[in-house]
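Hello,

Here is the structure I promised to pass on to you. Have a look at it first, and then read on for what turned up in it.

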Amino acid sequence: MVVHAHRSEAILGPDLVPVSGVLRVDDSGVIRGIAPHPEPGDEIIDHPDCALIPGGVNVHNHSFQALLRGLGDDLPFLEWRARGLYRYGAHLGPDEVYLGALLAFAEMLRSGTTTVCDFFYVHADGLDNDRAVLRAAKDLGIRCVLARTMYDWDGAPVSFRETIDDAVTRSQQLRSEIADDPLLNLQPAPHSLHGASSPMIEAGVALAKDWHSPCHTHIAEESYQRQEALDQWGIGPVEHLEHQGWLNERSVLVHAIWLEKNELDAIAKAGASIAHCPASNMFLGDGVTPVNAYLNRGVTVGLGTDGGCTNSRHSVYDEARSCSMLAKVDACDGAALSAETAFTLATIGGADLLQLPTGRLEAGYQADFSVIRLDDLSMQPVHNLAKNIVHSMTERAIAEVYVAGRRVVADGHVLHLDAHWLSLELKALAGRWRAAP
Ligand SMILES: [Zn+2]
């Protein structure tokens, strides 16, 4: 088997101490290890004046929302939902969903994100839209988990909703369709306590148990959602999950902002994980996820960009910076959350949350990594690589990106995308929407 030895000035291993040498990657896209020198027979790929860093893991996104950028901006959550998401997002077909996913995933790859979890719910009574998301991921070469949403709240647009039977059988069918694809994965995602009925959540939890897979759900993003739980059940939202037997080591709780200490303790005790979306939470004025309180309890935390119309960026390294900054301002303490911690959440934390062998430049893991130009001004001077990546690096510094050992970004361009064509298609779509009554 051929081994490619990527030689560079610095390689950032899991301990975040840069070493010089080579990252050895075999033909199947798996890392063989970091070594001082190539071994005889290795094919050497030189990256002079560069650093190799693990690819970012974006644990929460809604790719179709990239199409809605600018339509509901600078509004309170419920108005944003009505004017942008429900008005435009509810009527998308596979062609539009594909464009949105291409846009979101291309921006992710361009900014060094190699894995995305797309929480997708515009099912339109079938699987064609879901397949369009996966096709976009496959075309661009990004590693993708489709968190296939289970949604039956009758206040939501019809195209989001399914019966429990349909949600279960379609999820099973799509999962079997992609079973042989090493870059694609499907995990269940009952939308939220308000978006999914109790039997629907139960069905999602059962699928996750069958598949030994994470189970994603939005929880306590807005303060009114906590109040709804108190009004309905007399207890907090996580207490409700716990009482129903739904809180376990497979649970991925998205946002998890408006919770009490006993609920944080319950999350830690159950071994559940948190998908933290700091920029989206700031954009929508949601509140502040108590990320340090989770980390101090040993909870796994990953970072998500959330949808392209609630952020409105797609870089998980931007999220790392936002995560650190938000924790600092929340605590009024410049030492509240370091760049190293934020970087670890954006890579290892996300990989652990999604239960995927990525996020680390270490033997046995997938060769998902970015090549960073150290001579880019945003990386200068290089006193501390991890701090520069989180706090000063701009996209310009990202020269190349690899997923499973395959190059998908070169010279700052997403290789398998016709960017000119995409931009014409998006312009035409925006024109059609503007012309619509
Ligand atoms: Zn979300």
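Where does serine 312 lie? Serine 312 sits in the loop between strand 12 (300-303) and helix 11. Please keep in mind as you read that this is a predicted model.

**Two cis peptide bonds**

Asparagine 311 and serine 312 are joined by a cis peptide bond, with omega at about -5 degrees. Another cis peptide bond links glutamine 380 to proline 381, and here omega is about -15 degrees. To find proline 381, go to the loop between strand 13 (369-373) and helix 13 (385-391).

**Helix 11 and helix 12**

Next, follow the chain into helix 11 (residues 316-331) and look for helix 12 (residues 339-354). Their axes come within 9 Å and cross at roughly 140 degrees. That makes helix 11 oblique to helix 12, since an angle has to be over 145 degrees to count as roughly antiparallel. The crossing of helix 11 and helix 12 is right-handed.

Which residues meet there? From helix 11 come Val316, Tyr317, Glu319, Ala320, Cys323 and Ser324, and from helix 12 come Ala339, Ala342, Phe343, Leu345 and Ala346. Sorted by type, the residues of this contact are 9 nonpolar, 1 polar and 1 charged.

Now turn to an open sheet of 4 strands, which has the order 5-6-7-8 and parallel pairing.

Strand 5 pairs with strand 6 (residues 113-120) in the parallel sense, over 4 bridges. If you want a landmark for this pairing, asparagine 61 stands opposite aspartate 118 in strand 6. Helix 12 turns up again here: it packs on the sheet and touches strand 5, strand 6 and strand 7 (143-150). The direction of helix 12 makes about 55 degrees with that of strand 5.

Leucine 186 lies in strand 8. Is leucine 186 buried or exposed? With 25 other C-beta atoms within 10 Å, leucine 186 is buried, because 20 or more are enough for that label. Leaving aside its neighbours within four places in sequence, leucine 186 is in contact with Leu146, Arg148, Ser171, Leu174, Arg175 and Ile178. For a sense of scale, leucine 186 and aspartate 27 are 25 Å apart in space, C-alpha to C-alpha, and 159 residues apart in sequence.

**Two positive phi values**

Finally, a pair of residues to check for their backbone angles. Aspartate 125 has a positive phi of about 60 degrees although it is not a glycine. You will find aspartate 125 in the loop between strand 6 and helix 3 (128-140). Aspartate 125 has 13 C-beta neighbours inside 10 Å, so it counts as partly exposed.

Alanine 256 also has a positive phi, near 50 degrees, and is a residue other than glycine. Its place is in the loop between strand 10 (251-255) and helix 8 (261-270). Alanine 256 is buried, with 28 other C-beta atoms within 10 Å.

Enjoy exploring, and write back with any questions.

Best wishes

Notes:
Residues numbered from 1 in each chain as written. Predicted model: local features only at pLDDT ≥ 70, side-chain atom pairs only at ≥ 80, totals over all residues. Axes fitted to C-alpha atoms, helices over the stretch in contact; angles between N-to-C directions. Parallel < 35°, antiparallel > 145°, perpendicular 65-115°, else oblique. Left-handed = near helix turned anticlockwise from the far one by under 90°. Contact = placed C-beta atoms within 7 Å. Nonpolar A, V, L, I, M, F, W, Y, C, P; charged D, E, K, R; others polar. Pairing = 2+ DSSP bridges. Buried ≥ 20, exposed ≤ 12 C-beta atoms within 10 Å, placed from the backbone.
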